Amino acid sequence: MTTNIRTIERDAEGRVVMLDQRRLPFEEVYVTLSTVQEVADAIRDMVIRGAPAIGVAAAMGLALGARQLPAADFDAGFVVHCNIMAASRPTAVNLFWAIERMKGIAALHKGDARLDALDREAALVYEEDLATNRAMGRNGAVLVPDGARVLTHCNTGSLATAGYGTALGVIRAAVEAGKRVAVFADETRPYLQGSRLTAWECVKEGIDVTILADSAAGHVISRGGIDLAIVGADRIAANGDTANKIGTYTVATLCARHGVPFYVAAPTSTIDLSLASGAEIPIEDRGPDEVTGVFGKPIAPVGVKALNPAFDVTPAELIAAIVTERGVARAPYGESLAALCR
Ligand code: MRU
(Lines give C-alpha, C1' and ligand atoms only; values in the text may rest on other atoms or scores of the structure.)
Protein backbone atom coordinates (compact mmCIF):
# COMPACT_ATOMS: atom_id res chain seq x y z
CA MET A 1 0.00 0.00 0.00
CA THR A 2 1.52 3.33 -0.98
CA THR A 3 0.05 6.64 -0.03
CA ASN A 4 -1.30 8.68 -2.91
CA ILE A 5 -2.05 11.75 -0.83
CA ARG A 6 0.01 14.78 -1.94
CA THR A 7 0.33 17.00 1.12
CA ILE A 8 3.00 19.47 0.01
CA GLU A 9 5.28 20.05 -2.97
CA ARG A 10 6.97 22.82 -4.94
CA ASP A 11 5.88 23.85 -8.42
CA ALA A 12 8.13 24.62 -11.40
CA GLU A 13 8.56 28.24 -10.18
CA GLY A 14 9.60 27.05 -6.71
CA ARG A 15 6.35 28.15 -5.08
CA VAL A 16 4.99 26.00 -2.26
CA VAL A 17 1.79 24.11 -3.05
CA MET A 18 -0.22 22.60 -0.17
CA LEU A 19 -3.40 20.63 0.19
CA ASP A 20 -5.63 22.95 2.26
CA GLN A 21 -6.34 20.74 5.29
CA ARG A 22 -8.88 23.22 6.68
CA ARG A 23 -11.28 22.20 3.92
CA LEU A 24 -11.00 18.44 4.34
CA PRO A 25 -12.87 16.12 4.23
CA PHE A 26 -15.31 18.13 2.12
CA GLU A 27 -13.05 19.53 -0.61
CA GLU A 28 -9.59 18.66 -1.95
CA VAL A 29 -8.24 22.12 -2.74
CA TYR A 30 -4.58 23.11 -3.21
CA VAL A 31 -3.22 26.55 -2.35
CA THR A 32 -0.10 28.04 -3.96
CA LEU A 33 2.11 30.18 -1.74
CA SER A 34 4.59 32.68 -3.16
CA THR A 35 6.39 34.22 -0.17
CA VAL A 36 7.87 33.28 3.20
CA GLN A 37 5.11 35.23 4.93
CA GLU A 38 2.43 33.29 3.06
CA VAL A 39 4.00 29.96 4.04
CA ALA A 40 4.32 31.06 7.70
CA ASP A 41 0.69 32.20 7.69
CA ALA A 42 -0.38 28.85 6.20
CA ILE A 43 1.40 27.03 9.05
CA ARG A 44 -0.18 29.31 11.67
CA ASP A 45 -3.65 28.99 10.13
CA MET A 46 -3.36 25.18 9.86
CA VAL A 47 -3.55 24.96 6.07
CA ILE A 48 -0.80 22.44 6.80
CA ARG A 49 -0.22 20.94 10.24
CA GLY A 50 1.46 18.00 11.93
CA ALA A 51 5.00 18.32 13.25
CA PRO A 52 7.00 16.77 10.36
CA ALA A 53 4.87 18.48 7.69
CA ILE A 54 5.42 21.84 9.40
CA GLY A 55 9.19 21.21 9.22
CA VAL A 56 8.98 20.41 5.50
CA ALA A 57 6.85 23.52 4.85
CA ALA A 58 9.33 25.72 6.71
CA ALA A 59 12.29 24.37 4.70
CA MET A 60 10.46 24.84 1.40
CA GLY A 61 9.30 28.33 2.41
CA LEU A 62 12.83 29.43 3.32
CA ALA A 63 14.24 28.08 0.03
CA LEU A 64 11.52 29.97 -1.85
CA GLY A 65 12.10 33.20 0.09
CA ALA A 66 15.87 33.05 -0.36
CA ARG A 67 15.47 33.60 -4.12
CA GLN A 68 13.52 36.81 -3.42
CA LEU A 69 16.24 38.39 -1.24
CA PRO A 70 18.59 41.03 -2.73
CA ALA A 71 22.09 39.47 -2.98
CA ALA A 72 23.65 42.45 -1.20
CA ASP A 73 21.36 42.04 1.80
CA PHE A 74 21.04 38.27 1.87
CA ASP A 75 22.31 37.53 5.38
CA ALA A 76 20.07 40.03 7.19
CA GLY A 77 17.07 39.14 5.01
CA PHE A 78 17.51 35.42 5.63
CA VAL A 79 17.52 35.99 9.41
CA VAL A 80 14.26 37.97 9.07
CA HIS A 81 12.73 35.10 7.05
CA CYS A 82 13.82 32.54 9.66
CA ASN A 83 12.26 34.67 12.42
CA ILE A 84 8.98 35.00 10.49
CA MET A 85 8.87 31.22 10.10
CA ALA A 86 9.83 30.56 13.75
CA ALA A 87 6.95 32.75 14.96
CA SER A 88 4.30 30.63 13.20
CA ARG A 89 3.72 27.87 15.79
CA PRO A 90 5.65 27.22 19.02
CA THR A 91 5.29 23.56 20.03
CA ALA A 92 6.39 21.28 17.15
CA VAL A 93 10.18 21.25 17.40
CA ASN A 94 10.47 20.05 13.78
CA LEU A 95 9.81 23.67 12.75
CA PHE A 96 12.92 24.90 14.58
CA TRP A 97 14.91 21.84 13.54
CA ALA A 98 14.19 22.61 9.86
CA ILE A 99 15.01 26.31 10.28
CA GLU A 100 18.36 25.44 11.89
CA ARG A 101 19.12 23.04 9.04
CA MET A 102 18.43 25.71 6.45
CA LYS A 103 20.52 28.27 8.39
CA GLY A 104 23.42 25.82 8.40
CA ILE A 105 23.24 25.41 4.61
CA ALA A 106 22.94 29.18 4.04
CA ALA A 107 26.10 29.70 6.08
CA LEU A 108 28.10 27.21 3.98
CA HIS A 109 27.59 28.77 0.53
CA LYS A 110 27.48 32.10 -1.32
CA GLY A 111 25.60 33.58 -4.28
CA ASP A 112 23.67 31.35 -6.69
CA ALA A 113 25.30 28.23 -5.24
CA ARG A 114 23.66 29.12 -1.91
CA LEU A 115 20.19 29.38 -3.51
CA ASP A 116 20.66 26.03 -5.25
CA ALA A 117 21.91 24.43 -2.03
CA LEU A 118 18.84 25.71 -0.13
CA ASP A 119 16.54 24.26 -2.81
CA ARG A 120 18.36 20.92 -2.56
CA GLU A 121 18.19 20.94 1.24
CA ALA A 122 14.43 21.59 1.23
CA ALA A 123 13.99 18.68 -1.19
CA LEU A 124 16.16 16.55 1.10
CA VAL A 125 14.10 17.41 4.19
CA TYR A 126 11.05 16.20 2.25
CA GLU A 127 12.67 13.01 0.92
CA GLU A 128 14.23 12.16 4.27
CA ASP A 129 10.89 12.53 6.02
CA LEU A 130 9.30 10.04 3.62
CA ALA A 131 12.13 7.54 4.16
CA THR A 132 12.06 8.14 7.92
CA ASN A 133 8.36 7.40 8.10
CA ARG A 134 8.76 4.15 6.20
CA ALA A 135 11.59 3.07 8.54
CA MET A 136 9.48 4.02 11.56
CA GLY A 137 6.64 1.98 10.11
CA ARG A 138 8.88 -1.08 9.79
CA ASN A 139 10.20 -0.63 13.34
CA GLY A 140 6.76 -0.13 14.84
CA ALA A 141 4.73 -2.70 12.92
CA VAL A 142 6.09 -5.51 15.13
CA LEU A 143 4.26 -3.93 18.08
CA VAL A 144 0.90 -4.34 16.33
CA PRO A 145 -0.50 -7.89 16.60
CA ASP A 146 -2.66 -9.39 13.88
CA GLY A 147 -6.29 -8.49 14.58
CA ALA A 148 -5.37 -5.50 16.77
CA ARG A 149 -7.86 -2.80 17.63
CA VAL A 150 -5.74 0.34 17.67
CA LEU A 151 -6.76 3.67 19.18
CA THR A 152 -5.13 6.80 17.77
CA HIS A 153 -5.52 10.51 18.43
CA CYS A 154 -5.20 13.51 16.11
CA ASN A 155 -3.82 12.97 12.60
CA THR A 156 -0.38 11.45 12.13
CA GLY A 157 -0.67 10.23 8.55
CA SER A 158 0.40 11.45 5.13
CA LEU A 159 -1.26 14.77 5.84
CA ALA A 160 0.92 15.39 8.91
CA THR A 161 4.18 14.47 7.18
CA ALA A 162 5.80 14.43 3.74
CA GLY A 163 3.87 11.19 3.29
CA TYR A 164 3.03 7.82 4.89
CA GLY A 165 2.89 9.12 8.45
CA THR A 166 4.29 8.45 11.91
CA ALA A 167 1.77 6.63 14.14
CA LEU A 168 -0.54 6.10 11.18
CA GLY A 169 2.58 5.01 9.23
CA VAL A 170 3.11 2.25 11.82
CA ILE A 171 -0.49 1.20 11.27
CA ARG A 172 -0.03 1.34 7.47
CA ALA A 173 3.10 -0.80 7.76
CA ALA A 174 1.25 -3.39 9.87
CA VAL A 175 -1.52 -3.50 7.25
CA GLU A 176 1.10 -3.80 4.47
CA ALA A 177 2.60 -6.73 6.38
CA GLY A 178 -0.76 -8.49 6.02
CA LYS A 179 -2.09 -7.89 9.52
CA ARG A 180 -5.74 -7.14 10.09
CA VAL A 181 -5.94 -3.84 11.95
CA ALA A 182 -9.03 -1.95 13.08
CA VAL A 183 -8.27 1.73 13.68
CA PHE A 184 -10.27 3.68 16.25
CA ALA A 185 -9.76 7.40 15.67
CA ASP A 186 -10.65 9.89 18.39
CA GLU A 187 -12.41 12.77 16.70
CA THR A 188 -9.91 15.14 18.42
CA ARG A 189 -11.82 18.20 19.48
CA PRO A 190 -11.61 21.08 18.99
CA TYR A 191 -10.00 20.96 15.53
CA LEU A 192 -11.29 17.50 14.58
CA GLN A 193 -8.06 16.18 13.06
CA GLY A 194 -9.25 12.66 13.86
CA SER A 195 -12.69 12.71 12.27
CA ARG A 196 -11.80 15.10 9.44
CA LEU A 197 -8.27 13.99 8.51
CA THR A 198 -7.39 10.55 9.92
CA ALA A 199 -10.77 9.16 8.92
CA TRP A 200 -10.42 10.75 5.45
CA GLU A 201 -6.99 9.18 4.90
CA CYS A 202 -8.09 5.76 6.13
CA VAL A 203 -11.29 5.73 4.08
CA LYS A 204 -9.37 6.90 0.99
CA GLU A 205 -6.79 4.14 1.39
CA GLY A 206 -9.00 1.28 2.50
CA ILE A 207 -7.87 1.08 6.14
CA ASP A 208 -10.63 -0.06 8.50
CA VAL A 209 -11.50 2.98 10.63
CA THR A 210 -14.13 3.86 13.22
CA ILE A 211 -14.34 7.34 14.71
CA LEU A 212 -15.41 8.01 18.26
CA ALA A 213 -15.95 11.10 20.38
CA ASP A 214 -12.90 11.79 22.55
CA SER A 215 -15.09 11.37 25.63
CA ALA A 216 -16.05 7.82 24.53
CA ALA A 217 -12.48 6.51 24.70
CA GLY A 218 -12.58 5.73 28.43
CA HIS A 219 -15.70 3.64 28.10
CA VAL A 220 -14.42 1.74 25.04
CA ILE A 221 -11.03 1.04 26.66
CA SER A 222 -12.63 -0.02 29.97
CA ARG A 223 -14.78 -2.62 28.15
CA GLY A 224 -11.71 -4.20 26.55
CA GLY A 225 -12.34 -2.67 23.12
CA ILE A 226 -8.78 -1.46 22.47
CA ASP A 227 -5.58 -3.57 22.33
CA LEU A 228 -3.08 -0.73 22.02
CA ALA A 229 -2.90 3.02 21.46
CA ILE A 230 -0.37 4.77 19.25
CA VAL A 231 0.00 8.51 18.73
CA GLY A 232 2.50 10.94 17.22
CA ALA A 233 4.45 13.69 18.95
CA ASP A 234 5.19 17.37 18.54
CA ARG A 235 8.15 17.44 20.89
CA ILE A 236 9.78 14.80 23.08
CA ALA A 237 11.93 15.99 25.98
CA ALA A 238 15.19 14.25 26.95
CA ASN A 239 13.41 12.23 29.67
CA GLY A 240 10.73 10.94 27.24
CA ASP A 241 7.92 13.27 28.31
CA THR A 242 5.94 13.83 25.11
CA ALA A 243 3.92 16.82 23.92
CA ASN A 244 1.19 15.85 21.48
CA LYS A 245 -2.31 16.99 20.53
CA ILE A 246 -4.52 18.00 23.43
CA GLY A 247 -6.27 14.91 24.79
CA THR A 248 -3.27 12.60 24.34
CA TYR A 249 -2.50 12.68 28.07
CA THR A 250 -6.09 11.60 28.76
CA VAL A 251 -5.71 8.63 26.39
CA ALA A 252 -2.37 7.63 27.98
CA THR A 253 -3.86 7.82 31.49
CA LEU A 254 -6.83 5.69 30.47
CA CYS A 255 -4.51 3.14 28.87
CA ALA A 256 -2.41 2.95 32.04
CA ARG A 257 -5.55 2.49 34.17
CA HIS A 258 -6.67 -0.45 32.03
CA GLY A 259 -3.32 -2.08 31.20
CA VAL A 260 -3.37 -1.16 27.50
CA PRO A 261 0.06 -0.40 25.96
CA PHE A 262 0.41 3.24 24.90
CA TYR A 263 3.03 3.93 22.20
CA VAL A 264 4.45 7.09 20.60
CA ALA A 265 5.83 7.14 17.05
CA ALA A 266 7.98 10.09 16.02
CA PRO A 267 11.12 10.81 14.00
CA THR A 268 14.31 11.67 15.90
CA SER A 269 13.84 15.25 14.58
CA THR A 270 10.98 15.51 17.12
CA ILE A 271 13.27 14.70 20.06
CA ASP A 272 14.53 17.82 21.83
CA LEU A 273 17.42 16.77 24.05
CA SER A 274 17.91 20.42 25.10
CA LEU A 275 14.81 20.15 27.32
CA ALA A 276 15.18 18.06 30.47
CA SER A 277 11.47 17.36 30.88
CA GLY A 278 8.04 18.05 29.41
CA ALA A 279 7.52 20.93 31.86
CA GLU A 280 9.83 22.99 29.62
CA ILE A 281 7.93 22.36 26.37
CA PRO A 282 6.12 25.52 25.18
CA ILE A 283 2.43 24.79 24.72
CA GLU A 284 0.57 26.72 22.04
CA ASP A 285 -2.63 28.48 23.08
CA ARG A 286 -4.84 28.91 20.02
CA GLY A 287 -7.42 31.23 21.57
CA PRO A 288 -11.12 30.58 22.13
CA ASP A 289 -12.60 30.57 18.62
CA GLU A 290 -11.91 26.89 17.77
CA VAL A 291 -13.73 25.88 20.99
CA THR A 292 -16.68 28.24 20.77
CA GLY A 293 -17.32 27.44 17.09
CA VAL A 294 -17.06 24.71 14.48
CA PHE A 295 -16.51 25.53 10.78
CA GLY A 296 -17.11 29.20 11.62
CA LYS A 297 -20.51 28.48 13.22
CA PRO A 298 -20.94 29.36 16.91
CA ILE A 299 -21.72 26.42 19.23
CA ALA A 300 -21.55 28.32 22.52
CA PRO A 301 -23.13 31.46 23.95
CA VAL A 302 -21.70 34.70 22.60
CA GLY A 303 -19.04 36.07 24.97
CA VAL A 304 -18.42 32.83 26.89
CA LYS A 305 -14.79 32.28 27.93
CA ALA A 306 -12.99 29.22 26.50
CA LEU A 307 -9.62 27.54 27.05
CA ASN A 308 -7.81 26.17 24.02
CA PRO A 309 -4.38 24.69 24.80
CA ALA A 310 -3.42 22.91 21.55
CA PHE A 311 -1.15 20.28 23.16
CA ASP A 312 -0.62 18.44 26.42
CA VAL A 313 2.32 16.56 27.86
CA THR A 314 2.20 12.82 28.54
CA PRO A 315 4.69 11.82 31.26
CA ALA A 316 7.27 9.28 30.09
CA GLU A 317 6.13 6.77 32.73
CA LEU A 318 2.86 6.26 30.80
CA ILE A 319 4.64 5.47 27.51
CA ALA A 320 5.41 1.80 26.80
CA ALA A 321 7.80 2.60 23.92
CA ILE A 322 8.80 5.40 21.54
CA VAL A 323 9.16 4.23 17.93
CA THR A 324 11.65 6.16 15.79
CA GLU A 325 13.28 5.58 12.41
CA ARG A 326 16.44 4.47 14.21
CA GLY A 327 14.81 1.94 16.51
CA VAL A 328 12.40 1.56 19.41
CA ALA A 329 13.26 3.33 22.67
CA ARG A 330 12.05 2.05 26.02
CA ALA A 331 12.44 3.33 29.59
CA PRO A 332 14.67 4.66 30.97
CA TYR A 333 14.21 7.15 28.12
CA GLY A 334 16.98 9.45 29.32
CA GLU A 335 19.41 6.77 28.18
CA SER A 336 17.57 5.19 25.26
CA LEU A 337 16.68 8.48 23.51
CA ALA A 338 20.20 9.87 23.94
CA ALA A 339 21.61 6.66 22.42
CA LEU A 340 19.24 6.88 19.42
CA CYS A 341 20.13 10.54 18.81
CA ARG A 342 23.89 9.98 18.96
O1 MRU B 1 -2.16 21.01 15.84
P2 MRU B 1 -1.67 19.94 14.88
O3 MRU B 1 -2.74 19.36 14.04
O4 MRU B 1 -0.47 20.40 14.11
O5 MRU B 1 -1.17 18.80 15.85
C6 MRU B 1 -0.62 17.65 15.28
C7 MRU B 1 -0.30 16.62 16.29
O8 MRU B 1 -0.41 16.81 17.48
C9 MRU B 1 0.25 15.34 15.77
O10 MRU B 1 -0.17 14.26 16.55
C11 MRU B 1 1.76 15.43 15.81
O12 MRU B 1 2.22 16.59 15.15
C13 MRU B 1 2.39 14.26 15.16
S14 MRU B 1 2.09 14.31 13.44
C15 MRU B 1 2.94 13.16 12.64
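Y164 counts as buried because its relative accessibility is 2%, and buried here means under 20% relative accessible area. The structure is a predicted model, and Y164 sits in it within the loop between β4 (148-152) and α6 (167-176). Although Y164 is not a glycine, its phi is positive, at about 80°. Most residues other than glycine have a negative phi, and most peptide bonds are trans.

With a relative accessibility of 1%, M46 is counted as buried.

Two peptide bonds also deserve attention. The bond joining L24 and P25 is cis, with omega at about 10°. P25 is located in the loop between β2 and β3. A cis bond also runs from A331 to P332, where omega is near 0°. P332 is placed in the loop between β16 (327-329) and α11 (333-341).

Helix α1 spans residues 36-44, and its buried residues are V36, V39, A40, A42 and I43. Viewed down the axis of α1, these buried residues fall within an arc of 160°, so they line one face of the helix. What do the buried residues of α1 pack against? Their partners are the strands β2 (16-19) and β3 (30-33), together with the helices α2 (51-66), α3 (74-86) and α4 (93-108).

One of these partners, α3, can be described in detail. The axes of α1 and α3 come within 8 Å of each other and cross at roughly 15°. That angle makes α1 roughly parallel to α3, since angles under 35 degrees count as roughly parallel. The crossing of these two helices is right-handed. On the α1 side, the residues that meet α3 are V36, Q37, V39, A40 and I43; on the α3 side they are H81, I84 and M85. Sorted by class, this contact has 6 nonpolar residues, 2 polar residues and no charged ones.

In α3, the residues F74, F78, C82, M85 and A86 take part in the contact, and they meet L95, F96, I99, M102, K103 and A106 in α4. By class, the contact of α3 with α4 has 10 nonpolar residues, no polar residues and 1 charged residue.

The loop between α3 and α4 contains A92. Is A92 buried or exposed? A92 is buried, with a relative accessible area of 5%. Apart from its neighbours within four places in sequence, A92 is in contact with A51, I54 and D234. Between A92 and G293 there are 201 residues in sequence and 25 Å in space, taken from C-alpha to C-alpha.

Methods: Residues are numbered from 1 along each chain as its sequence is written. This is a predicted model: local features need pLDDT of at least 70, side-chain atom pairs count only at pLDDT 80 or more; totals for chains, interfaces and linings use all residues. Side-chain values use heavy atoms; hydrogens and water are left out. Buried means under 20% relative accessible area, exposed over 50%, partly exposed in between (1.4 Å probe, protein chains only). Helices (H or I, at least four residues) and strands (E, at least two) are DSSP runs, numbered from the N terminus. The arc is that of the directions from the helix axis to the C-beta atoms. Contact means heavy atoms within 4.5 Å. Axes are lines fitted to C-alpha atoms, for helices over the stretch in contact, and angles run from 0 to 180 degrees between N-to-C directions. Angles under 35 degrees count as roughly parallel, over 145 as roughly antiparallel, 65 to 115 as roughly perpendicular and the rest as oblique. A crossing is left-handed if the near helix is turned anticlockwise from the far one by less than a right angle, and right-handed if clockwise. Ala, Val, Leu, Ile, Met, Phe, Trp, Tyr, Cys and Pro count as nonpolar, Asp, Glu, Lys and Arg as charged, and the others, Gly among them, as polar.
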